[in-house]
Amino acid sequence: MDYIPAKTIVTKTKAPFQWFGIDYNMNIYKGCCHGCIYCDSRSDCYQIEDFGHVRAKENALQIIRDDLRRKTKSGVVGTGAMSDPYNPFEKELLLTRHALELCDAFGFGMAVATKSTLLERDIDILQSIADHSPVLLKVTVTTVDDKLAEKIEPHAALPDARFRMIENLSKSGLYTGILLMPVLPFLEDSQENVGEIIRRAEDVGARFIYPAFEMTLRGSQRDWYFHKLEELFPGQGLAEKYRKRYGYSYECCSPQAKKLWEYFAKECTQRGIAYRMEDIISQYKRIPYKISPSFLQFKFLLFPCFLPIIYV
């Protein structure tokens with residue numbers, strides 16, 4: 001594991017920012033090894049060289065502790081926006097787990113996005129956070145076809161495993177749902193695929209599904225995606241389909257987007273699954289909490305030693 005310097009890690013989101021109602025962003029790792037062929041984080045604008053190589057930020061836990069301590073207002077900390085916080089190295093490094101413990105100690109909520117089943121490991125801490133603050137767990141699922149997933153997300157957990165995890169998280173009382181994004185045109189944008197995701201989401205107790213029947217393409221990300229399409233789906237002419245339909249457009253909306261949205265909204269409404277951003281935010285933030293954040297901060301001041309020694 002390589003380490004890179006960082007001055008701050010928990011940063012305030014820019015207003016008006018309503019992405020699941022988070023107040024702060026936290027990225028402990030840089031780069032991702034899931035190998036998803038569509039990942040927007042490969043874009044030149046993020047200036048991440050060799051994106052498939054995961055690096056951790058030096059002294060991450062001490063920086064996170066100091067960042068949280070300086071916040072004058074608690075809120076929901078989001079993680080997983082740029083790099084999955086549950087990469088394979090996290091199993092041994094425990095940086096995300098200890099960061100959750102810090103958020104718990106300082107009375108902050110959490111919003112986690114991941115494709116990894118390693119999230120289940122931290123159910124105990126997430127439940128502890130949910131006693132005093134909002135917790136939102138977002139698991140990306142864009143296909144029910146394990147064979148297709150093996151091609152487009154080669155090193156991520158298979159969809160079947162993710163659905164099992166969603167069920168376990170939901171049964172543990174944590175507000176959990178699905179990120180149905182990006183839905184790749186010509187590969188995943190069928191009513192059959194979307195319908196099966198909705199049906200399985202209901203079966204495992206997912207509280208929400210947030211969709212985007214499109215994908216983004218720009219710069220080096222576009223070149224990489226087209227290269228992988230030709231490599232993984234030879235003879236199907238998928239890259240050429242994209243070029244003809246979208247050219248150099250940043251947003252590549254599925255040709256079926258309107259019909260898919262109408263079908264999706266109807267199905268989710270009938271099944272009681274939230275799918276609008278405002279409803280998801282309202283639901284996960286109105287869950288009653290047992291302990292106030294102010295009490296937790298008071299507890300931390302009185303008993304700082306209850307955190308692992310690595311923090312001090």
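A pocket here is an open set of grid points with protein on both sides within 12 Å along at least five of seven lines, and its lining residues have an atom within 4 Å of a point. The model examined below is predicted.

**Exercise 1.** Describe the lining of the largest pocket.

Solution.
- Step 1: the volume of the largest pocket is about 1200 Å³.
- Step 2: its lining comprises 44 residues, and those nearest the centre are Trp-19, Asp-40, Gly-80, Ala-81 and Met-181.
- Step 3: at least two lining residues come from each of strand 6 (76-79), strand 7, strand 8, strand 10 (209-211) and strand 11 (214-216).
- Step 4: sorted by class, 24 of the lining residues are nonpolar, 13 polar and seven charged.

**Exercise 2.** Which residues of helix 4 (residues 123-130) are buried, and how are they placed around the axis?

Solution.
- Step 1: Ile-123, Ile-125, Leu-126 and Ile-129 are the buried residues of helix 4.
- Step 2: these residues lie on the same side of helix 4, because the arc they cover around the axis is only 165 degrees.
- Step 3: the elements covering them include helix 3 (95-105), strand 7 (109-114), strand 8 (135-140) and helix 6 (159-171).

**Exercise 3.** Decide whether Tyr-246 is buried or exposed, and list what Tyr-246 touches.

Solution.
- Step 1: Tyr-246 belongs to helix 9 (residues 238-246).
- Step 2: the cut-off for buried is under 20% relative accessible area; Tyr-246 has 9% relative accessibility and therefore counts as buried.
- Step 3: leaving out residues up to four places away in sequence, Tyr-246 touches Pro-185, Phe-186, Cys-252, Cys-253, Ser-254 and Pro-255.
- Step 4: Leu-217 is 29 residues from Tyr-246 along the chain, with 9.4 Å between their C-alpha atoms.

How values were computed: Residues are numbered from 1 along each chain as its sequence is written. This is a predicted model: local features need pLDDT of at least 70, side-chain atom pairs count only at pLDDT 80 or more; totals for chains, interfaces and linings use all residues. Side-chain values use heavy atoms; hydrogens and water are left out. Buried means under 20% relative accessible area, exposed over 50%, partly exposed in between (1.4 Å probe, protein chains only). Helices (H or I, at least four residues) and strands (E, at least two) are DSSP runs, numbered from the N terminus. The arc is that of the directions from the helix axis to the C-beta atoms. Contact means heavy atoms within 4.5 Å. On a 1 Å grid over the protein atoms alone, a cavity is a set of points where a 1.4 Å probe fits but cannot get out, and a pocket is an open set with protein on both sides within 12 Å along at least five of seven lines; lining residues have an atom within 4 Å of a point. Grid points are joined across faces, edges and corners, and a volume is the space filled by probe spheres set on the points. Ala, Val, Leu, Ile, Met, Phe, Trp, Tyr, Cys and Pro count as nonpolar, Asp, Glu, Lys and Arg as charged, and the others, Gly among them, as polar.
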